[in-house]
Amino acid sequence: FSFLGGLLVAVELNARPRLELSVKPAVVARVPPLKRTLPAVGEPGPVPRLAPAAIGSDTGGSVRAPAALCGIVGLKTTVGRVSNCGTLRLSGTLDTIGPITRDVEDAALLLSVLAGPDADDPQTLLRPAVDAVRGLDRPVAGLRVAVLPAEQLGEVDAEVAQGFEAALDVLRGLGVRIDTLALPLGMPALA
């Protein structure tokens, strides 16, 4: 269960054998929000304020999807950036440990603490520790972002698609180059 604004939400995550992930939120009951009215979509509800940070394992979205549903930050790290020692792995090439936080700066702080070589996880030995906070305030002009073409995005709610396009417009306005990049294979073919 998770709180999204003033709604108690049950989320069913179905990891299917072919690396597909479906997220089906269902409103269970309305609960009173903390000291304010129901927040806008994407704004944190009550639960994200209970702890400043957490970590989770992410193979197919287990950090990112719940964070997105709660309006907080969930970061899937690069394989080998953070040790997987002590976790139950599903895939040696997809499993990562990542921060779940209230904002990007907190995610960067937690990543800086978690990242680095671990003698018990050989995948981390070639990855030096990082200072993920350094550079957060640098301008984004000149960065490149790749997005999938519409036909490879799958079924997307119209409101979500509009929000995504609006975010891309903001990035373009800040000088980010947005490239459309089609995957050579559809996700079902990767399984």
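**Reading the second largest pocket**

Modeller: By class, the residues lining the second largest pocket are eleven nonpolar, two polar and two charged, where Ala, Val, Leu, Ile, Met, Phe, Trp, Tyr, Cys and Pro count as nonpolar, Asp, Glu, Lys and Arg as charged, and the others, Gly among them, as polar. The model is a predicted one, in which local features need pLDDT of at least 70 and side-chain atom pairs count only at pLDDT 80 or more, while totals for chains, interfaces and linings use all residues. Residues are numbered from 1 along each chain as its sequence is written, and side-chain values use heavy atoms, with hydrogens and water left out.

Colleague: How is a pocket defined, and about how much space lies in the second largest pocket?

Modeller: On a 1 Å grid over the protein atoms alone, a pocket is an open set of points with protein on both sides within 12 Å along at least five of seven lines, and lining residues have an atom within 4 Å of a point. The volume is the space filled by probe spheres set on the points, which are joined across faces, edges and corners; here that space is about 380 Å³. Of the 15 lining residues, Leu75, Val104, Ala108, Ala132 and Leu136 are the closest to the centre of the pocket. Helix 2 gives the largest share of the lining, four residues, with helices (H or I, at least four residues) and strands (E, at least two) taken as DSSP runs numbered from the N terminus.

Colleague: Which residues are linked in a network of salt bridges?

Modeller: Side chains of opposite charge can pair when their charged atoms come close. A salt bridge is a side-chain nitrogen of Lys or Arg within 4 Å of a carboxyl oxygen of Asp or Glu, and the network links Arg144, Arg177 and Asp179. Arg144 pairs with Asp179 at 2.9 Å between the closest N and O atoms; because Arg144 lies in strand 7 and Asp179 in strand 8, the pair ties together parts 35 residues apart in sequence. Asp179 also meets Arg177 at 2.9 Å, N to O.

Colleague: In the salt bridge between Arg89 and Asp121, is Asp121 buried or exposed?

Modeller: Buried means under 20% relative accessible area, exposed over 50%, and partly exposed in between (1.4 Å probe, protein chains only). Asp121 is buried, with a relative accessible area of 1%, whereas Arg89 is partly exposed at 35%. Their side chains meet at 3.2 Å, N to O.

Terms used. 1 Å grid on protein atoms, 1.4 Å probe; cavity = no way out; pocket = protein on both sides within 12 Å on 5 of 7 lines; lining within 4 Å.
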